[in-house]
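Me: I would like to learn how to read the features of a model like this one. Please give the general idea each time, and then the case at hand.

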Amino acid sequence: MVITIASLKKGQRGIIKEFSIDVVPLKLLEMGCLPGNEVSLVQMAPFNDPLYLNINGSHLAIRKETASKIEIELI
Amino acid sequence: MAKHINVALIGNPNTGKTSVFNRLTGLNQKVGNYPGITVEKKQGTCKFGRACKVHILDLPGTYSLNASSLDENVVIELLLNKNDKDFPDVAVVVADVENLKRNLLLFTQIKDLGIPAILAINMSDRMKRKAITLDIPLLEEKLQTKIALISSRKNLGFDYLKELIENYNQLSTKPCLNASRISPEYFDRLRKAFPNQDLYKLWLVITQDVNFGKLDRNELKGVASFQTESVSNLKRLQQKETVARYQFINETLKQTLHIDTANAKDLRSRLDRILTHKVWGYVIFFGILLLIFQAIFDWSAYPMDFIDSTFASLSEWTKNTLPAGDFTNLIAEGIIPGLGGIVIFIPQIAFLFLFISILEETGYMSRVVFLMDRVMRRFGLSGKSVVPLVAGTACAIPAIMATRNIENWKERLITILVTPFTTCSARLPVYLIIIALVIPDTRVLGIFSLQGLTLMFMYILGFGAAIFSAYLLDKILKIRSKSFFVVEMPNYKLPLPKNVIITVVEKTKAFVFGAGKIILAISIILWVMASYGPGNFNDAEEIITNEYASQNLSEEEIEMHIDSYKLEHSYIGRIGHAIEPAVRPLGYDWKIGIAIVSSFAAREVFVGTLATIYSVGSEEEETIKNRMAAEINPVLGGPLFNFASGVSLLLFYAFAMQCMSTLAIVKKETNSWKWPMWQLFVMSAIAYVVALAAYQFLK
Ligand SMILES: Nc1nc2c(ncn2[C@@H]2O[C@H](COP(=O)(O)OP(=O)(O)O)[C@@H](O)[C@H]2O)c(=O)[nH]1
C-alpha cells in the first residue's frame, strides 16, 4: 500500500518522497512542502478533513484530497 | 526640492506587514480598490524629516511571485511594469523571524528582478522566547542586501529601516541566485529571442501565463507567446526553480540562523489542542459567534437608540429654527434622517469589525477556516463565510463588509450574494406584527408558542435560503478561482491594539463615505416621492378639512387624516396604486403596495408607513395591529390580513431585497452595479413567486 500524508496518524511523522508537479500545486511547494522535508500531522478536523500539518516548521492545513497525492516514508 | 520615494511593502501573509504599514503611516492611509478589480489597495505617506516624502504602497500578501489569485497577480503586474506610477524605487520585504525560511523565497525572487530590496525581519521581540539567534552581517552578505531587524509590536528598529529607505540608492541590485541555472539551455533560447531583456523577468511573464493568465499592464507584451516548451515542462521548471531557491535558502540559513529548540517554549500546540479539537473547537467557536451576535444585536442597540433620538431632535430643531418652506423640509425631513440612516449602522459595523480584527490578529480565524471548511465547502462557501452569515442575522451591511476576509473571489462573491437572505434585525418588526396578526396565539404540545415557532421558522427559512442559493450559485457561476486549498496556521499572538483600532476606523470610514453617498441619495429620492405629488396632493388640507368638517375632530386627528391623504396622493402613493394589480394576486391592496415601495429604504419602514396610511398617530405596535386587523379586503371582503395574505407577506419579506443600504454596500464591495442589480431582480422575483404561490394556495 502507498503511504501518503493522508494516511498519517496524529503525532506520526514522515519524509516527503519525490512527486510530480502535475498533482501537487506549486503554491504548496512554495510553502515548504518539498521532497525530502519532514511532515507530521498536528490535528484532524471532523471527518478527517482537512488536515493540519507541520511541514518542515511551516504549519499548514490542506484538504485530504491533496494530501493523498503526496507520498511519504514513515519515520 | 523634497525627495520623493516610492516604497512597496511586500511579504508573505501573517508576517506583520499590516502592522509595519500602520507603524510607518499611522492614520495617514487611504484604502481603495485597484481599477476594475476588487483587490484592496492600501497606500499611505510618511515624512522623513523635511526633505524626504515617502509614498508607501502595501501590496497584498503573497507567498511568491507565481500568482494563483487576483491579489497576488496585482503584485506581479506592478513589479513587472516599470511604467506604473506606483512602481517602487525600493521594495521593503517584510519577513517573520520565526518563518524566515519560507519568507525568504519571495525575497530571492524580488532580488532577481533587480529591484533594490531591503529585508525587514519583523517580530524580533519573539527571538528571545524562541531562542533564535541571527548573524545579520553574514546574512546581509549572502543575500546582497541590507537588513533591518524590527519589531512592530515594540516599535524597535524603525529608525534604521527609515534610514535604509532614505538611502535606497546605495543598495545592491545584484540577484542573490541565478534562476537560469535550472535549465541553461532553455534560458539560452530565451536570451537569443529577446536579447535586451532581463531573463528572470521574461521567465516570470511566461510562467505567469501558465499559472494564472495573461498580464494586462505590462511592457513585455508578446513575450508570453514564446512557447518553446510544453506547459507541463514549464511547470516542472518552476518546481525546479522553487527547489533551487530553497536549497540556497537552507544553505544560507544554516550559517546564519540558530534556533535552540531546547529553550523554545511552545504555546501553539497547547492552544491548538483545545481550539481545533473536534468537540471543544466547535463549542468555543459557537460561543464566540454567540458573543458577536450578542454584540451587534444587543449591545449596539444602545448607541443606535441614541443616534436615532439625536437625529430626530436635530430634525425637530431644524424645523423649528429655520424659516418654514420646501428647503427647510428637505433638510429636516429628507437630508437629516437620511444621514441618520447612515450613522445608525456605525455601532454594528464597529462592533463586528472589532471582533473580526481581533480574531484575525490572534491567528484564530485560520482555525475557524480549518474547522468549518468541510461543511462550507459543499455549498461553494469558504470556512470564513460563517462569520458573515451569522453577522447577517443582525444586519447585512457589516456582514457583507466582513466578506473582505475571504481571499477566494468566487467564495467571497457567493457569500455576498446570499447573505441578504439571512433574517436581519430590520425584518423583525415586520415579522412580529404580521405574526401577531395572523398566527393564532396558541401553544403546541402545551409548551411552545406557535407564534414563537413561526418566528423561529422564519430564521431557519432565511438561513436555508442562503445556503441553498449558495449551492446553486456555486454550480452556476463560472468564475475561475483557485481550486485547491492551503491555509497557513499562524502562531497565536496577542492582538496589537493599534491594528485593531485602525481596522475599525477604516471600515467605518469606508462605509460612511463609500456606501453612505448612495444611501443618502436614495433616501432623499424616496422622501421627495413621499412628500410631493401631482394634482390633488397640494390641496390635501382643504379637501380633508371640508370632508371632516361635520365630524368635530380634534386638530390632531385632522392632521393625521391629512398626512394619510397626502401619502396616498404622493408619487409613492401613485406608485402604490399603480402596482396594485401586480400585488393583488399576492393578497395585498394598494396600501400595502405603498408600504412595500417605501420600505425599500429599510424594511422596518413598512410598519411606520402603514401607521401613516391608516392615520394612526403612534407607531405603538398594539394600535397599528388593531387597525390592521380591522382592515377589509376591498375585493373579497373579510379581513385584509388573514392567514393567506399574512403568510404571503411574511414570505415576501423573507426573500425580497428590500434594503437600499445593502445594495449600496454590495455595489461598493463588488465594485460594479452588476451584482446588486442582479440581487435585486432575482431576489424580488423569488419573493414575488413564493408569495404568490403561498397566497393562491392558502386562500
Ligand atoms: N510579537 C510580535 N507580533 C507582531 C509583530 N508585528 C505584527 N505582529 C502580530 O502578527 C500578526 C499578523 O500581523 P499583520 O500585521 O496582520 O500581518 P499581515 O498579515 O502580514 O498583514 C498580528 O497578530 C500582529 O499583532 C511584532 O513585531 N511582534
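This is a predicted model: local features need pLDDT of at least 70, side-chain atom pairs count only at pLDDT 80 or more; totals for chains, interfaces and linings use all residues.

Reply: Residues are numbered from 1 along each chain as its sequence is written, chains are lettered from A and ligands numbered from 1 in the order in which they are written, and side-chain values use heavy atoms, with hydrogens and water left out.

Me: How many helices and strands does chain B have?

Reply: Helices (H or I, at least four residues) and strands (E, at least two) are DSSP runs, numbered from the N terminus. Chain B has 30 helices and twelve strands. Its C-alpha atoms fill a box of roughly 100 × 65 × 50 Å along the principal axes.

Me: What share of the residues in chain B is buried?

Reply: Buried means under 20% relative accessible area, exposed over 50%, and partly exposed in between, with a 1.4 Å probe and protein chains only. Of the 699 residues in chain B, 55% are buried. As for contacts (heavy atoms within 4.5 Å), 73% of those in chain B between residues at least 6 apart in sequence join residues at least 24 apart.

Me: Which residues have the most contacts inside the largest nonpolar core?

Reply: A nonpolar core is a set of buried Ala, Val, Leu, Ile, Met, Phe, Trp, Tyr and Cys residues joined through side-chain atoms within 4.5 Å. The largest has 114 residues, and those with the most contacts inside it are B:F511, B:Y588, B:F606, B:F641, B:L649 and B:F652. Apart from this core lies another, of 86 residues, including B:V39, B:C176, B:Y186 and B:L199. Leaving out residues up to four places away in sequence, B:Y588 touches B:V583, B:I596, B:S645, B:S648, B:L649, B:F652 and B:A691.

Me: At what angle do helices α20 and α29 of chain B cross?

Reply: Axes are lines fitted to C-alpha atoms, for helices over the stretch in contact, and angles run from 0 to 180 degrees between N-to-C directions. The axes of α20 (residues 497-531) and α29 (residues 660-670) of chain B come within 9 Å and cross at roughly 135°. Angles under 35 degrees count as roughly parallel, over 145 as roughly antiparallel, 65 to 115 as roughly perpendicular and the rest as oblique. α20(B) and α29(B) are therefore oblique to each other. Among the residues making the contact are B:F511 and B:I518 of α20(B) and B:A664 and B:I665 of α29(B).

Me: Is B:P497 buried or exposed?

Reply: B:P497 lies in helix α20 of chain B, and at 56% relative accessibility it counts as exposed. The C-alpha atoms of B:P497 and B:R153 are separated by 9.6 Å, with the two residues 344 apart along the chain. By contrast, B:T328, found in helix α12 (residues 326-343) of chain B, is buried, with a relative accessible area of 4%.

Me: Which peptide bond is cis?

Reply: The bond from A:D49 to A:P50 is cis, with omega near -10°. A:P50 lies in the loop between β2 (38-44) and β3 (51-55) of chain A.

Me: What is phi of A:N56?

Reply: Phi of A:N56 is near 55°, a positive value in a residue other than glycine. A:N56 is placed in the loop between β3 and β4 (58-62) of chain A, and at 30% relative accessibility it counts as partly exposed.
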